[in-house]
Amino acid sequence: MLKEGQVFYADYAKPEGFCDEAWKAIYQYVFALAHGAENSVFYYHDWIEKPGVAIVCCNDGIRPVIFKLESTNITSTPPE
C-alpha cells in the first residue's frame, strides 16, 4: 500500500491514502508529536536523541513497515 519515501502530514486525522491498520498502530505517536512532545526527546532517551522524532512500526507481522515520525512547524487546519 505504501511506497518508500512517501511523506504524509497529520496531527489527529489519518491522512488520505494512508493504510488504516498502520494508522491504528502509530496514531498516538503522531498525535503526541503534534501536540507538545516535539520539544523533548520523545521516548526511550537511550536510542532516539533528536527531539521531535519517533521511530515506530505498524503491527503487520508479515509486511511490517517502519515509519520515521517528525514534528514540523506547519500549522494544521481542521477539516471543514
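Colleague: Which residues do ring pairs link into a cluster?

Modeller: This is a predicted model, where local features need pLDDT of at least 70, side-chain atom pairs count only at pLDDT 80 or more, and totals for chains, interfaces and linings use all residues. Residues are numbered from 1 along each chain as its sequence is written, and side-chain values use heavy atoms, with hydrogens and water left out. Rings of Phe, Tyr and Trp (its six-membered ring) pair if their centres lie within 6.5 Å; planes under 30 degrees apart are stacked, over 60 edge-to-face, the rest tilted. On that basis the linked cluster is Phe8, Phe18, Trp23 and Phe67.

Colleague: How many aromatic pairs does the structure hold?

Modeller: For Phe8 and Phe18, the planes sit at 85 degrees with centres 4.9 Å apart, so that pair is edge-to-face. Phe18 also pairs edge-to-face with Trp23, at 5.8 Å centre to centre and 80 degrees between planes. The count for the structure is three.

Colleague: Is Phe18 buried or exposed?

Modeller: Buried means under 20% relative accessible area, exposed over 50%, partly exposed in between (1.4 Å probe, protein chains only). Phe8 has 27% relative accessibility, so Phe8 counts as partly exposed. Phe18 has a relative accessible area of 5%, so Phe18 is buried.
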